[in-house]
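Grab a pencil and open the viewer.

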Amino acid sequence: MISESWLPFCISNWWEMRGPGKLEVWKMGFVNYLDALKLQEKLVSDRKLCRIPDTLLSLQHPPTYTLGKRRTDHNLLLPVSELKNIGAELHYTQRGGDITFHGPHQAILYPIISLREIGIGARNYVEKLESTMIELSSLYGVKACAGQKGETGVWVGERKIGAIGVRISYGITSHGLAYNIDPDLKYFKHIVPCGITDKEVTSLRRETATVLPAEEVIQEQLISCFARLFGYSTVTWKENPSMFSDHESID
């Protein structure tokens with residue numbers, strides 16, 4: 001429920017702060033998973049209070065396994081004590097979905113946006129995230145589609161190319177999508193990706209016959225697909241923003 005004490009302030013400041021359809025993109029490069037998680041929590045709080053516009057974090061993580069709020073530890077196929085030996089970390093989150101992997105050469109988007117302001121529900125939101133990755137794949141001649149019932153994410157035949165795990169709190173989103181450009185797929189052999197057995201994981205590099213451009217170009221194309229599908233008319237960019245400027249209270 002929205003407190004009446006700040007509702008008028010929120011509405012008036014929203015119109016002063018941004019016009020309809022504005023998205024602010026933070027291009028962040030490599031970010032430790034816990035730092036990104038803390039930043040998302042701070043930005044979600046700011047977005048609820050209308051202190052910031054809809055914001056999209058574009059980044060990559062060092063090798064990291066994450067579990068959703070269902071805590072399906074059995075889908076991690078090696079002891080936690082052995083994760084250090086393969087250069088990976090494990091973190092628990094409050095997002096939906098099952099276990100997944102994040103790592104280099106993967107395009108990750110974390111939208112911190114107000115679903116109420118853009119007028120869509122949770123199911124439509126997830127469908128638009130799927131469409132974002134499907135549209136990007138099509139740019140490289142790869143026919144991808146949303147999963148069947150019970151199969152989250154985006155698939156090329158029986159092979160998963162993109163994962164989705166989101167959290168929505170009072171209409172504000174966090175976490176998001178991970179699209180495999182060319183990650184080391186061996187990391188996926190240590191988990192049951194998204195809890196779905198007998199399925200493979202793939203990448204854009206494996207599926208396309210096209211010579212891929214620099215990863216930064218692909219990441220920007222993914223952002224453009226996102227902005228178009230969500231109807232943002234204006235996109236502003238922050239290159240390598242300092243995560244902790246104006247966020248000193250994160251610690």
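**Exercise 1.** Leaving aside its neighbours within four places in sequence, which residues is F226 in contact with?

A word on the ground rules: this is a predicted model, where local features need pLDDT of at least 70, side-chain atom pairs count only at pLDDT 80 or more, and totals for chains, interfaces and linings use all residues. Numbering runs from 1 along each chain as its sequence is written, and side-chain values use heavy atoms, with hydrogens and water left out.

*Solution.* 
- Take contact as heavy atoms within 4.5 Å. With those sequence neighbours set aside, F226 touches L23, L56, L109, P111, I113, L129, T132 and Y232.
- Next, zoom out to the largest nonpolar core, which has 34 residues; Y179 and F226 have the most contacts inside it. (A nonpolar core is a set of buried Ala, Val, Leu, Ile, Met, Phe, Trp, Tyr and Cys residues joined through side-chain atoms within 4.5 Å; buried means under 20% relative accessible area with a 1.4 Å probe, protein chains only.)
- Finally, helix 6 (215-229) is among the elements that give two or more residues to this core, and its share, 6 residues, is the largest. (Helices are DSSP runs of H or I with at least four residues, strands are E runs of at least two, and both are numbered from the N terminus.)

**Exercise 2.** Work out why the pair F101 and F188 is edge-to-face.

*Solution.* 
- Start with the rule: rings of Phe, Tyr and Trp (its six-membered ring) pair if their centres lie within 6.5 Å, with planes under 30 degrees apart counted as stacked, over 60 as edge-to-face and the rest as tilted. That gives 6 aromatic pairs.
- For F101 and F188, the centres are 5.3 Å apart and the planes sit at 75°, so the pair is edge-to-face.
- Now place them: F101 is in strand 5 (100-102) and F188 in the loop between strand 10 (172-180) and strand 11 (200-201), so the pair ties together parts 87 residues apart in sequence.

**Exercise 3.** Find which residues lie nearest the centre of the largest cavity.

*Solution.* 
- On a 1 Å grid over the protein atoms alone, a cavity is a set of points where a 1.4 Å probe fits but cannot get out; lining residues have an atom within 4 Å of a point.
- The largest cavity holds about 120 Å³ of space, the volume being that filled by probe spheres set on the points, which are joined across faces, edges and corners.
- Of its 15 lining residues, R95, T100, H102, I164 and G165 lie nearest the centre.
- Strand 10 gives the most to this lining, with 4 residues.

Key:
Buried means under 20% relative accessible area, exposed over 50%, partly exposed in between (1.4 Å probe, protein chains only). On a 1 Å grid over the protein atoms alone, a cavity is a set of points where a 1.4 Å probe fits but cannot get out, and a pocket is an open set with protein on both sides within 12 Å along at least five of seven lines; lining residues have an atom within 4 Å of a point.
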